[in-house]
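Please examine the sequence and the three-dimensional structure shown below.

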Amino acid sequence: VAALGKLGSRELNYSSDIDLLFLYSAEGETTGSGPRGKLTNREYFIKLAEFITRLIGESSGEGGAYRVDLRLRPHGSLGPLAASVSDTVRYYKTEARPWERQVMIRSRGCAGDIPLFREFFNEVEDLVFSKIESVESALSNVRLSKEKIDLGKVNKRGFDVKLGRGGIREIEFLAQALQLAHGGHDPWLRSSHTLICLSRLADRGLLSESELTDLASAYEFLRRTEHVLQMENGLQTHLVPNDPERRSLIARRTMFAGGGDFERELRRSTENVSHIFKRVFGSAAAEEPRSLPKVTAENKSRKYMLASIAKSSVSTSADAKGGDVLERLAQLSPHYSSMIAANPHLSASLPDPAEPIGDADYLRRMREAANSSKDLGSRLSAMRRMWSFQLLEIVVRDAYGTIEISETKRLQTELAEATLAAALDIVRDELAAKYHVSGDLSLSILALGKLGGKGLDYDSDLDVILVYDDSKSLPDGVSQLEFYSRASETLVNTVSSMTRDGSLYRID
């Protein structure tokens, strides 16, 4: 198990997600001594990764231990949960984008077979810290990552100590950019911890002593503020609120040990960071985020995607039928071409973009998938496979421009609503088995945000409120709170949990 992000750099804070990557040694198969007989290593380790993720992150009556984020793995949320060392090395050599290589700066083996991670990292270290990449290119790639997540975005509800201008992310990206620019020729700079990295950059003259002092002081202050924000309600937040009363409370808690003026320290710290950030990256760092370049038809990612699909078990006729569609998706959307590469069976069912969708009937299809088996795992897998097919029908037509943007939002909203309805069927059955109750749940899902406005986008969260009827009779000893808390947990896990077939939506 490899740790990435703040877990990788040993800088975890309260309410942090943990970013993980699961690796196994090589392809092969198990001994076959278990009840299911022999399994491929791929199937075995994906199942193991799924189990570990659920064990750590699944909500229960006592809550989850950590939220596990696996989206930094190869192919993102569409890729397999676990991959062999050779496949992962090949991904970083042929497909990984600059920001993905940047992520590997803060990576380490943290559990399981630690030497196996070292074996992997030895293969990719020269890609992460390249001797042939110019300083200008390294800084440009990191600045592009900064623009992509819009660090300069102003939040009208307060100041974001992580993503705001002069915030924590600018310190981290500044350090990582200089590491990428100079670490290829100077291995001593390859530290994952931000403060250690800043100190070593100053030792090499890449930061001045005054810049090191300002950055270290700002980092300590901003992280302390972040800790206070997250300890208040146990939530993953980075926002210093504008509300005077709440802001005053945060200020007193942050400055408790050493005293001082919170507002002055916040202003001083962020101005110092912003000034040094602009010095390192040049005037472009102060500009508004520019539009990102589109993926070209010639890039390596597209070629690798199409080659992966061609080598799959999909028939020749299916390849011929969907070839143009795959080509188009690879040009416009690496995300969805990755989805097909990770699940090659999808390419056999790619729609003709010229044909209208017609009566989508998502509700019937999703409920049929959810009720296709008695086994919970099989039901979740069936739902995810059906959802992927339905989503690709929208994606392909959107990519060809044969449906309007308003239509894509309407269809995506209807698909999400159908998914929630199907998930409620599973919730009903799971609670019936646990509590020996029958009939409807008396549970209503109220949609907010983009789902509520029927304007859902790709990869949107589902913002919902769950409301129950507390007059429903329950077995003796079972409280309304217990019953509907369990219903809520089961609903969220049904829709959001990661399986070998992926996940559906994040529920907020």
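Leaving aside residues up to four places away in sequence, serine 274 touches Arg165, Gly166 and Glu170, where contact means heavy atoms within 4.5 Å. Serine 274 belongs to helix α11, residues 262–281; helices here are DSSP runs (H or I, at least four residues), strands are runs of E with at least two, and both are numbered from the N terminus. In sequence, serine 274 and glutamate 170 are 104 residues apart, yet their C-alpha atoms lie 7.7 Å apart in space. Is serine 274 buried or exposed? Its relative accessibility is 9%, and serine 274 therefore counts as buried. Buried means under 20% relative accessible area, exposed means over 50%, and partly exposed lies in between, with a 1.4 Å probe and protein chains only.

The model is predicted: local features need pLDDT of at least 70, side-chain atom pairs count only at pLDDT 80 or more, and totals for chains, interfaces and linings use all residues. Residues are numbered from 1 along each chain as its sequence is written, and side-chain values use heavy atoms, with hydrogens and water left out.

Because its relative accessibility is 36%, arginine 97 counts as partly exposed. Arginine 97 and asparagine 141 are separated by 44 residues in sequence and by 9.4 Å in space, C-alpha to C-alpha.

Attention now turns to a pair of helices. Two packed helices are described by the angle between their axes and the distance between the axes. The axes of α9 (residues 209–233) and α10 (residues 244–254) come within 9 Å and cross at roughly 120 degrees. Axes are lines fitted to C-alpha atoms, for helices over the stretch in contact, and angles run from 0 to 180 degrees between N-to-C directions. The two helices, α9 and α10, are therefore oblique to each other; angles under 35 degrees count as roughly parallel, over 145 as roughly antiparallel, 65 to 115 as roughly perpendicular, and the rest as oblique. On the α9 side, the contact includes Phe221 and Arg224, and on the α10 side, Leu249 and Ile250 are among the residues involved.

Finally, the protein as a whole has 19 helices and nine strands. Of its 508 residues, 47% are buried. Among contacts with a separation of 6 or more, 68% join residues 24 or more positions apart.
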